[in-house]
Amino acid sequence: MASLKRKAEPVSGSLGDQKKPKKDGSLTSFFGAPKPAPSTTAALNGTSAPAAAAPIKFDKEKWVAGLTVEQKSLLKLEIDTLDSSWLAHLKEEVTSSSFLELKKFIQKEIDSGKKIFPPLEEVYSWSRHTPLHNVKVVVVGQDPYHNHNQAHGLCFSVRPPTVAPPSLVNIFAACEKDVPGFKRPPNKGGLLTPWADQGVLLLNTVLTVRAHEANSHQGKGWEKFTQKVIDTVVKVRQRGVVFLAWGKPAQKRVETIKGAKHIVLKGIHPSPLAARAGNFADCGHFKEANEWLRERYGVEGEVDWNLAAEKQKPIKGPGTQQPIKATEDQETKPKEEGPVTELAGEPATTTDDFDDDLDAIEAIEEMAKSSQVDGEDKENK
């Protein structure tokens with residue numbers, strides 16, 4: 001009997017060791033699209049929450065065929081340019097009455113001759129650079145940049161040859177403190193596609209803006225949609241995600257994220273206007289994010305924050321996933337077949353041309369109101 005026990009014990013231990021990597025150590029389940037489990041009906045329906053949940057089944061052609069004529073017209077941009085990994089989870093949201101009203105508003109803007117930024121084909125570039133199954137870090141921004149050659153669908157990021165705005169300069173300063181050997185983009189630029197391609201979701205709260213009119217599309221419906229994007233990440237990325245929330249507006253977007261599954265790193269906004277609240281460069285978020293990812297997923301789970309010239313990648317275009325080259329010799333006038341990136345003929349944007357601090361101003365105003373209320377409370381005591 002003793003010999004039988006000795007033989008049985010290694011077998012039991014061996015099975016336990018085999019099961020553990022499947023649950024906790026699978027890098028593929030975190031960084032790549034997980035394989036579906038046909039026998040798990042709940043997982044295929046997107047209702048289960050295992051460590052490596054299988055993607056829901058989504059027949060895009062069938063879904064499009066079931067849309068009304070009006071829906072197909074209003075949702076052409078989403079059908080053509082929103083990555084299917086996201087559309088599979090957002091299809092109910094984009095067909096909601098509130099979202100369709102948002103699309104009608106944007107169409108009226110275009111019909112009335114208003115110029116919209118970013119260029120329409122890049123509104124959802126965040127979804128193509130960072131498919132849902134690749135998300136491991138989320139950075140929450142606010143309003144897109146509203147001048148020429150700036151916004152291209154990734155928050156804080158700007159297209160070449162535009163120089164990095166003040167907030168992004170401070171973000172780079174934090175990276176230099178956190179990341180050994182960190183290099184900024186060449187030519188004082190601010191293109192962040194290398195981060196997005198590694199799973200860093202750079203999401204603005206509002207996805208479009210009228211040219212030269214900051215916050216002009218605020219309160220029109222984008223906030224509900226992008227909150228759904230964040231909620232989808234929380235629900236689907238069960239292995240855990242780092243949320244970077246800089247400033248009060250961003251922190252409001254992630255305030256419902258609780259528990260130990262995900263981590264939320266909060267700090268002041270990187271804008272120079274928020275400097276009185278502290279030095280953003282000392283936040284330590286880039287180092288802390290990598291430490292958390294390394295502890296959970298190993299060294300391969302870290303983000304390479306380096307933005308040196310050799311790491312710069314072009315902006316991915318819709319449909320074929322071919323890149324839209326952000327070069328100075330691109331045409332400035334739209335072709336008849338669709339919008340193009342406007343670069344040639346426009347001077348390189350300088351830091352003086354940016355009004356990227358509106359969310360920082362909002363945070364400061366909230367702090368001021370809070371201080372005023374606290375002062376009144378003390379006087380009344």
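Ser 125, setting aside neighbours within four places in sequence, is in contact with His 152, Gly 153, Leu 154 and Lys 316. This residue belongs to helix α9, which spans residues 125–129, in a model that is predicted. The protein has 381 residues, of which 48% count as buried, and its secondary structure comes to 15 helices and 8 strands. Among contacts between residues at least 6 apart in sequence, 71% join residues at least 24 apart.

**Ser 125**

- Ser 125 has a relative accessible area of 0%, so the residue is buried.
- The side chain of Ser 125 comes to 2.6 Å from the backbone oxygen of His 152.
- His 152 is also one of the residues on the contact list of Ser 125.

**Asp 143, the annotated position**

- An unreviewed UniProt entry lists Asp 143 under "active site".
- Asp 143 sits in the loop that runs between β2 (137–140) and α10 (166–178).
- The relative accessible area of Asp 143 is 15%, and because buried means under 20%, the residue counts as buried.
- Beyond four places in sequence, the contacts of Asp 143 are Asn 204, Val 206, Thr 208, Val 209, Ala 214 and Asn 215.
- For Asn 215 there is also a polar atom pair: its backbone nitrogen is 2.7 Å from a polar side-chain atom of Asp 143.

**Other features of the loop between β2 and α10**

- Phe 156 lies in the loop between β2 and α10, and its phi is near 70 degrees, a positive value in a residue other than glycine.
- With a relative accessibility of 10%, Phe 156 is buried.
- Pro 161 is in the loop between β2 and α10, and a cis peptide bond with omega of about 5 degrees joins Pro 160 to Pro 161.

**Packing of α10 on α14**

- The axes of α10 and helix α14 (residues 285–297) are 7 Å apart and meet at an angle of about 55 degrees.
- That angle makes α10 oblique to α14.
- By class, the residues in this contact are 4 nonpolar, 1 polar and 2 charged.
- On the α10 side the contact involves Ile 171, Ala 174, Cys 175 and Asp 178, while α14 contributes His 285, Phe 286 and Lys 287.

**Leu 90 in α7**

- Leu 90 is part of helix α7, residues 84–94.
- The relative accessibility of Leu 90 is 0%, so this residue counts as buried.
- Leu 90 touches Leu 82, Phe 225, Lys 228, Val 229 and Thr 232 when residues up to four places away in sequence are not counted.
- Lys 228 is 138 residues from Leu 90 along the chain, yet their C-alpha atoms are separated by 7.6 Å.

**Further backbone geometry**

- A cis peptide bond also joins Phe 117 and Pro 118, with omega of about -5 degrees.
- Pro 118 is located in the loop between β1 (116–117) and α9.
- Asn 187 has phi near 60 degrees, a positive value in a residue other than glycine.
- The location of Asn 187 is the loop between α10 and α11 (193–196).
- Asn 187 has a relative accessibility of 72%, so it counts as exposed, whereas Phe 156 counts as buried.

Technical notes
Residues numbered from 1 in each chain as written. Predicted model: local features only at pLDDT ≥ 70, side-chain atom pairs only at ≥ 80, totals over all residues. Heavy atoms only, no water. UniProt positions renumbered as here; feature names shortened; annotations may be inferred. Helix = DSSP H or I, 4+ residues; strand = E, 2+ residues; numbered from the N terminus. Buried < 20%, exposed > 50% of the residue type's maximum accessible area, 1.4 Å probe, protein only. Contact = heavy atoms within 4.5 Å. Polar contact = N/O pair within 3.5 Å; in protein donor to acceptor, adjacent residues only side chain to side chain. Axes fitted to C-alpha atoms, helices over the stretch in contact; angles between N-to-C directions. Parallel < 35°, antiparallel > 145°, perpendicular 65-115°, else oblique. Nonpolar A, V, L, I, M, F, W, Y, C, P; charged D, E, K, R; others polar.
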